[in-house]
Every structure is written in C-alpha cells, then in structure tokens.
Amino acid sequence: MFRTGKPFDGVQYKPVEVVRGKPFDGVQEKALDEARRKPLDDAQGKPFDDAWNRLFDAGSGRRGGNSEDKVMNSRLKIGISACFSHPDPNRAFFTGKTLQYVEQSIAHWVMSSGAMVVMVPCPTGSTQRGDVTYAHYAEWLDGLVLHGGADLWPGSYGETPLQDRWAGDRIRDEYEMALVAAFEAVGKPIFGVCRGLQLLNVAYGGTLYQDINTQVPDSFVHRDAATYDQNFHRVDLVPGSHLSRLYPGVDRVLVNSIHHQAIKDLSPEFEVEARSADDGLIEAIRRKDRSKSYIAALQWHPEFHQPGSETIDDAAVLNDFLDAADAVKSQTANTPSQNTHKNST
C-alpha cells in the first residue's frame with residue numbers, strides 16, 4: 001500500500017497524522033514559542049537557526065534520529081517550474097506586477113506518491129534581490145518537472161511567429177532553459193509535461209510546429225477550447241521503448257489532448273516513445289543515452305487523469321521519474337534508497 005494512503009484523487013486520502021504524528025502537540029508549541037523569540041539569521045548566515053529547525057522537526061514528526069527522522073529525510077523534493085502572468089495594467093489584482101504560479105493538479109499529481117513539491121521561482125528580473133541562483137535550486141532539489149502553459153517563442157528555435165498570437169513567452173523560455181541547464185549540470189532527473197516536452201525538445205536543438213492545424217492541415221484537433229481536458233485521442237506506444245515496458249502488453253492508450261503546438265524536428269538527443277494514432281505527431285520522448293541524466297516527457301497531461309476513467313493511468317510514468325530521482329539522491333548521499341515515494345511490494 002502507499003505509505004501515505006491511496007494516491008491523491010481529491011477525495012480519498014489518509015490523514016497526515018499517520019506520517020507527522022499529532023498535528024500540533026506540546027513539543028511543537030515549545031519549539032514555536034522559542035522560534036518566535038529568535039529572529040531568523042540574515043542571508044549571510046544560516047537560513048534557519050536551531051530553534052526554527054526544532055520547530056520543523058516537531059511539525060514533521062521528527063524526533064532526533066529515530067525512524068520518523070529517516071522517513072522525512074527520505075522524502076523526495078521535486079521542483080516544478082513556474083507559469084508566468086506578466087505585468088498587466090488592466091488586471092484588477094497585482095496590477096502591473098509579475099505573477100509566478102503552478103496549476104494545482106500538477107502539484108497534487110507529483111505529491112500523490114509522497115514526494116514534496118516546491119515551485120521554483122525565477123530568480124532574475126527587475127525585482128531581483130539576493131544571490132540565489134538556478135544552481136542553488138538544482139543542488140537542493142531531487143528532480144524537476146516542467147509543466148504546461150504558454151506557447152514557446154518561435155525565436156527560441158530560430159523562427160519568427162507566423163501570427164502575433166503565437167509569439168509565445170520568451171521570458172519563460174529563457175527561465176526554463178536555464179533551469180534545465182542547472183539540473184543537467186548536477187545530473188538531476190527532468191520530466192516534461194505538454195509545454196515541458198516542447199521546451200526540452202527546443203532546448204536540445206529541436207523545432208516545433210507553431211500551430212498544428214495550420215502547418216499539418218490533415219491532423220487531428222489536438223486542442224479544443226470548448227472541451228479542454230475532455231478532448232481525447234489514441235496514442236500508439238513505440239514497441240520496445242522504455243515507455244512501452246512500463247505498460248506491458250499495451251500497444252495503444254487514450255490520452256487527453258490540450259495543445260496546438262507540437263514537435264516538428266526532433267532533437268537528436270531524444271527518441272520517440274509514442275505517437276498520435278490519428279496523425280503520427282510525437283506524443284512522448286526520452287533521452288537516448290541512458291548513461292546521461294534522466295530526461296523524459298509527455299505531450300499529454302498526466303495530472304488530469306481521473307481514477308476510473310478510460311485514459312491511461314500515468315502512475316507508472318510518475319514512479320519511473322521518481323525512481324530516477326531516488327536513485328540519484330541515494331547515490332549522492334551514498335546511502336541505500338528508502339523508496340518511500342511509492343508503493344513497495
């Protein structure tokens with residue numbers, strides 16, 4: 001069984017007290033009182049002092065080196081790249097400010113197997129302060145998920161926009177490419193979803209169709225604004241691929257489809273793991289060279305799968321990514337893997 005209960009589906013879950021102990025006991029109260037009386041160290045010193053660390057230990061159920069301490073230390077920390085809402089003078093809230101955020105479903109999907117999720121904010125920009133870099137996040141986190149959102153800027157792959165509405169988000173492209181470079185540099189796993197697949201392909205030298213319906217006129221309608229995540233089509237898994245081995249005996253699956261851009265020229269860094277059954281467009285990729293750090297991506301949104309639906313259950317894909325993150329973490333720490341992020345049988 002899952003250590004933290006059934007996979008998150010919005011209804012069924014096991015109370016957090018199973019992992020953390022009492023939600024707020026006397027130990028925590030004492031630690032909180034002490035922490036409140038002591039200010040955090042400044043940026044030039046330790047990020048948290050001993051009092052705040054003891055508060056965290058109490059809140060997480062940690063008790064100085066016991067088995068619960070090991071459980072908490074073994075939880076994976078997965079970064080999710082941010083979506084951007086750029087300054088808008090007509091926006092009623094945070095007028096003229098840049099917003100960075102993640103969509104709830106992607107965070108809950110990664111958390112469904114027990115991993116902890118952290119949004120990685122862009123450290124640069126007009127309001128930049130301090131010395132935190134992409135490299136700091138890559139060193140601290142165990143893996144990275146690039147999720148959906150705005151179109152890529154065609155300039156990122158050497159083209160100009162065919163129409164103004166397909167100009168994309170150059171700032172987010174540069175931010176996510178810097179993230180990919182940082183995680184690549186330290187050998188941490190990267191997983192892409194929808195835009196994330198496209199970004200990875202472009203980051204490693206591939207190109208995109210700016211608009212499928214325009215450039216591939218005989219294609220299936222891969223994005224329907226009216227039905228959104230209820231737009232589905234069939235995908236063929238490439239025989240012998242790593243993805244096909246995650247689903248033995250399965251050749252064709254049903255997935256959601258919420259994209260109007262797609263891979264045109266595949267980067268030489270990747271191999272195809274799935275194609276649309278209707279028009280042959282690339283739907284899943286994986287890094288060819290297994291001696292390099294883990295990179296895989298899907299064109300569909302696994303986080304929108306509903307338990308009991310006909311669409312593919314992407315738990316195997318998530319666990320494959322988290323297994324890779326777990327392996328790197330264990331290798332770095334030179335300790336045996338705890339495998340607490342998923343079902344162990």
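This report describes a helix contact, a strand with two partners and the cysteines of a predicted model.

## Basis

Residues are numbered from 1 along each chain as its sequence is written, and side-chain values use heavy atoms, with hydrogens and water left out. Because the model is predicted, local features need pLDDT of at least 70 and side-chain atom pairs count only at pLDDT 80 or more, while totals for chains, interfaces and linings use all residues.

## Helices α7 and α8

Helix α7 (residues 170–185) and helix α8 (residues 195–203) have axes that come within 10 Å and cross at roughly 75 degrees, which makes α7 roughly perpendicular to α8 (65 to 115 degrees). On the α7 side the contact (heavy atoms within 4.5 Å) is made by Arg172, Asp173, Glu176, Met177 and Val180, and on the α8 side by Arg195, Leu199, Leu200, Val202 and Ala203.

## Strand β13

Strand β13 (residues 295–298) is covered on both faces, with Ile295 and Ala297 buried on one side and Ala296 and Leu298 buried on the other; buried means under 20% relative accessible area with a 1.4 Å probe, protein chains only.

Strand β6 (residues 190–193) runs parallel to β13 and is joined to it by 4 bridges, with phenylalanine 191 opposite alanine 296 of β13. Strand β12 (residues 282–287) runs antiparallel to β13, joined by 3 bridges, and here isoleucine 285 stands opposite alanine 297.

## Cysteines

The structure holds 0 disulfides, a disulfide being a pair of cysteine sulfur atoms within 2.5 Å. Cysteine 122 is buried at a relative accessible area of 12%, and cysteine 194 is also buried, at 6%.

How values were computed
Axes fitted to C-alpha atoms, helices over the stretch in contact; angles between N-to-C directions. Helix = DSSP H or I, 4+ residues; strand = E, 2+ residues; numbered from the N terminus. Parallel < 35°, antiparallel > 145°, perpendicular 65-115°, else oblique. Buried < 20%, exposed > 50% of the residue type's maximum accessible area, 1.4 Å probe, protein only. Pairing = 2+ DSSP bridges.
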